[in-house]
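Reader: I am new to this structure and would like to understand its charged pairs. Could you show it to me and walk me through them?

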Amino acid sequence: MNPHDDGISLDTFVDWLIEDGHGIERIADHGDWLVRVEAALRNLPEAQRQYTVLPLLRGFQEPWEPVPGSDVPSALILKYVTDLRRLMTT
């Protein structure tokens with residue numbers, strides 16, 4: 001979610017994370033991605049699974065059309081990744 005109409009998308013953020021050395025695997029087919037995400041979420045222990053987007057996955061059935069700009073502020077992507085890694089090791 002980018003509040004600026006500057007052409008930087010979530011894919012751009014993912015590219016930056018890959019370039020930064022994060023082990024991210026791109027999945028070209030949206031349907032395959034959805035199946036893998038759902039399986040990974042369902043395999044989490046219940047204590048973690050209850051805090052995931054699993055109940056909202058219907059909203060991800062089809063890829064969204066890109067929209068220039070956003071009303072939602074940009075995320076601090078690297079901080080989020082760092083925080084997620086920290087949570088996964090505790």
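Author: Happy to! A salt bridge here is a side-chain nitrogen of Lys or Arg within 4 Å of a carboxyl oxygen of Asp or Glu. Please keep in mind that this is a predicted model.

Reader: How far apart are N and O in the salt bridge of Glu 46 and Arg 49?

Author: Both residues lie in helix H3 (residues 46–49), three residues apart, about one turn of the helix. Glu 46 is partly exposed at 46% relative accessibility, and Arg 49 is partly exposed at 24%. Their side chains meet in a salt bridge with an N to O distance of 2.6 Å.

Reader: Which residue forms a salt bridge with Arg 26, and what does the pair tie together?

Author: The closest N and O atoms of this pair are 3.4 Å apart. Arg 26 lies in the loop between helix H1 (10–19) and H2, while its partner lies in helix H1, so the pair ties together parts that are 15 residues apart in sequence.

Reader: Is Glu 25 buried or exposed?

Author: Glu 25 lies in the loop between H1 and H2, and its side chain meets that of Arg 36 in a salt bridge of 3.0 Å, N to O. Exposed means over 50% relative accessible area. At 54%, Glu 25 therefore counts as exposed.

Methods:
Residues numbered from 1 in each chain as written. Predicted model: local features only at pLDDT ≥ 70, side-chain atom pairs only at ≥ 80, totals over all residues. Heavy atoms only, no water. Helix = DSSP H or I, 4+ residues; strand = E, 2+ residues; numbered from the N terminus. Buried < 20%, exposed > 50% of the residue type's maximum accessible area, 1.4 Å probe, protein only.
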